[in-house]
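User: I have a protein model open and would like to go through it with you. Can we start with one residue and then look at the whole chain?

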Amino acid sequence: MKRILSLTLIIAAIFSLTSCVKTVETVPRPVVNPIAGSWYLYDASELYGNSWYSFDAGIDGVLTFYENGNAQYDDGYSFMQGTWYTSYISDGYYDQYGNYYTDMHQDFQASMSNRKGYSLDLYFDDISFAGNNTFIGTYYTGKSIERYTFRRY
């Protein structure tokens with residue numbers, strides 16, 4: 001009887017030790033909008049037929065988008081301030097490769113100006129991110145598709 005009781009206690013001890021579960025709790029990171037930060041225009045191109053052709057969009061400075069929706073542009077000559085926002089919409093758009101879709105996607109709008117009357121208005125039908133350091137905005141002009149590639153400054 002003592003042997004059965006000892007054996008039962010040993011088996012119970014083994015099961016209780018092997019069934020322990022360790023958990024590691026981590027604090028969730030705050031949600032940060034991936035567009036927040038400073039960016040420069042790396043490339044602006046337009047789709048004609050099956051080929052993309054670069055063009056000068058006249059955006060030679062640094063764009064800074066803040067988490068609170070404020071925006072600024074500085075090219076060393078003109079300093080502009082304004083606002084930006086993105087929204088999720090469901091309608092037709094062209095992606096960065098020139099393919100047409102009709103589903104949920106993120107658009108983008110920014111408007112900045114200064115006291116001298118200069119302004120910079122950006123609107124993209126669709127934006128997408130390539131990692132943390134590149135975002136691409138597309139816009140359909142009614143005749144062609146424009147693609148703007150921005151990189152972190």
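User: Which residues does Thr-138 touch, not counting those up to four places away in sequence?
Analyst: Thr-138 touches Tyr-94, Asp-95, Gln-96, Phe-124, Asp-125, Asp-126, Glu-146 and Arg-147, where contact means heavy atoms within 4.5 Å. This is a predicted model, in which local features need pLDDT of at least 70, side-chain atom pairs count only at pLDDT 80 or more, and totals for chains, interfaces and linings use all residues. Residues are numbered from 1 along each chain as its sequence is written, and side-chain values use heavy atoms, with hydrogens and water left out.

User: Is Thr-138 buried or exposed?
Analyst: Thr-138 is buried, with a relative accessible area of 1%; buried means under 20% relative accessible area, exposed over 50%, and partly exposed in between, using a 1.4 Å probe and protein chains only.

User: And which strand is Thr-138 in?
Analyst: Thr-138 lies in strand β9, residues 134-140, and strands here are DSSP runs (E, at least two residues), while helices are H or I runs of at least four, numbered from the N terminus.

User: How much of the chain is buried?
Analyst: Buried residues make up 33% of the 153 residues in the chain.

User: What does Leu-63 touch, again leaving out residues up to four places away in sequence?
Analyst: Leu-63 touches several residues, among them Trp-39, Tyr-73, Met-112, Leu-122 and Phe-150.
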